[in-house]
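Look through the sequence and the model shown here before reading on. The report below goes through it part by part.

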Amino acid sequence: MDALLERFCRYVKIDTRARDDVKDYPSSPGQKELGALLAQELLELGVADARAHGDGIVTATLPGTVRSAPAIAWLAHLDTSPEASGTDVKPIVHANYRGGDIVLPGDKQQVIRVAESPELARLAGKTIVTSDGTTLLGADDKAGVAAIMTAVDELARARVPHGPIRIVFSCDEEVGRGCEKLDPERIGAVAAYTLDGEDEGLIENETFSADLATVTITGYNIHPGLATGKMVNAIRLAGQFLERMPWQTKAPETTADRQGFLHPYTIEGGVGEAKIKVLLRSFEAPELKQQAAVLKRIGQTLEAEFPRAKVAVAVKRQYRNMLEHLGKEPRAVDLAVAAMKAAGLAPTFKSIRGGTDGSRLSEMGLPTPNLSVGMHNFHSKLEFACLEQMQSAVRVLVELARLWGKQKR
Ligand SMILES: [Zn+2]
């Protein structure tokens, strides 16, 4: 069996599903189990400082063979999405995929349809890996983990001259805690790459800029029997508030491509007080201010109409478009383009309508674009990976090592 495929199938069987209902870090024990295994395998590959740390993060350094070259880092995350089960994953290898819909044998209701995953049409004749339909596959991000492990293996054999390469496997990316234990200092590189992207040949160099608005509506509560002319029901005002938000033109479900949106995603409360959390998203950071102003205006109108009510809008900064920070080290993206070309791919830039660990790391000073690693339909039981696309990600990593090896610090 192909070494990359063998690694991938082994890693996906370890349940590393992240949890968003616990305070522990990492949020599930499987992440530590996989981390320990990877540290051990890195040691066996001759990476002497490989270590699974107490907080679940795995770090290792492939020493440079070129003294003058700067250090780069390869990152992948150990956890899988909480959106589908990750227990008892049974990877199924569809060698020489003959095209058409793929019925998953463990649950025949689960069908990967060409109509819904048109990229399948391009993958006839390739090797596809799926789950049996009862769980997700976990290619997000074990395709990234397996690609990095294989690239380390190949670099050692191929005698490619390169600078120091830092390997980092992180935890709980899927529950927004991927950078809780990570910072540029711990990573120790001039540029980093997350291997956490779909399909093949994509360089994700742009993410949303993001703020979180919390709208707190304070009503006036009184016994319903005595409420005539007095009660102001915060729940009803919350309904009004939502109704007045510009969802026809500025919601996730009504926008695409480079358009931003305001997305109310949780609501809780009672007659006395209701809270709505709203995600503000745009590729242009200044637009976030306009989005917040929209919410504040709605609040002011409601206060004018219901003088006993208070509507407060508090905005918290989340992350900023990676593109704003990648310019600090232009080689991060330039050499990714060159490496993809050298690996025989046609690189394409893609903007992510969301954030990545790379957006935070880039903002903290470590430029970190995201690269394709052959995963598809992630976060679902219809997830699949393409072996040949994972192999091309390995080639891209080896080329990145070679190209950065020719750079000066
Ligand atoms: Zn991921």
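Asn 96 is exposed, with 9 other C-beta atoms within 10 Å. A residue counts as buried if 20 or more other C-beta atoms lie within 10 Å of its own, as exposed if 12 or fewer do, and as partly exposed in between, with C-beta atoms placed from the backbone. The model is predicted: local features need pLDDT of at least 70 and side-chain atom pairs count only at pLDDT 80 or more, while totals for chains, interfaces and linings use all residues. Residues are numbered from 1 along each chain as its sequence is written.

Asn 96 lies in the loop between strand 4 and strand 5 (102-103). Helices (H or I, at least four residues) and strands (E, at least two) are DSSP runs, numbered from the N terminus. The phi of Asn 96 is near 50 degrees, a positive value in a residue other than glycine. Asp 88 is not a glycine either, and has a positive phi of about 60 degrees. Asp 88 sits in the loop between strand 3 (72-77) and strand 4 (92-94), and is exposed, with 12 other C-beta atoms within 10 Å.

## Two cis peptide bonds

Tyr 25 and Pro 26 are joined by a cis peptide bond, with omega about -10 degrees. Pro 26 belongs to the loop between helix 1 (3-12) and helix 2 (29-44).

A cis peptide bond also runs from Asp 140 to Asp 141, with omega near 15 degrees. Asp 141 is placed in helix 3.

How many of the 10 residues of helix 1 are buried? The count is 7, so helix 1 is largely enclosed by the rest of the structure. The buried residues are Leu 4, Leu 5, Arg 7, Phe 8, Cys 9, Tyr 11 and Val 12. They pack against helix 2, strand 4, strand 7 (128-130), helix 3 and helix 11. Contact between two residues means that their C-beta atoms, placed from the backbone, lie within 7 Å.

The axes of helix 1 and helix 11 come within 10 Å and cross at roughly 105 degrees. Axes are lines fitted to C-alpha atoms, for helices over the stretch in contact, and angles run from 0 to 180 degrees between N-to-C directions. Helix 1 and helix 11 are therefore roughly perpendicular to each other. Angles under 35 degrees count as roughly parallel, over 145 as roughly antiparallel, 65 to 115 as roughly perpendicular and the rest as oblique. Leu 4, Leu 5 and Phe 8 of helix 1 make the contact with Leu 387, Met 390, Gln 391 and Val 394 of helix 11. By class, this contact of helix 1 with helix 11 has 6 nonpolar, 1 polar and no charged residues. Ala, Val, Leu, Ile, Met, Phe, Trp, Tyr, Cys and Pro count as nonpolar, Asp, Glu, Lys and Arg as charged, and the others, Gly among them, as polar.

## Helix 3 against helix 11

Helix 3 (residues 139-158) and helix 11 (residues 387-405) have axes that come within 9 Å and cross at roughly 50 degrees. The two helices, helix 3 and helix 11, are therefore oblique to each other. On the helix 3 side, the contact includes Ala 143, Ala 147 and Leu 155, and on the helix 11 side it includes Met 390, Val 394 and Leu 397. The contact of helix 3 with helix 11 has 13 nonpolar, 1 polar and 1 charged residues.

## Ala 385 in strand 17

Strand 17 (residues 384-386) contains Ala 385. Ala 385 is buried, with 29 other C-beta atoms within 10 Å. Its C-alpha atom is separated by 6.2 Å from that of Ala 139, 246 residues apart along the chain. Apart from neighbours within four places in sequence, Ala 385 is in contact with residues including Val 129, Ala 139, Ala 143, His 376 and Met 390.

## Two domains

The domain assignment gives domain 1 (3-207 + 322-405) and domain 2 (209-319); such bounds come from an automatic or database domain assignment. The C-alpha centres of domain 1 and domain 2 lie 37 Å apart. Their contact takes 6 residues from domain 1 and 4 residues from domain 2. On the side of domain 1 that touches domain 2, the largest share, 3 residues, comes from helix 10 (residues 357-363).
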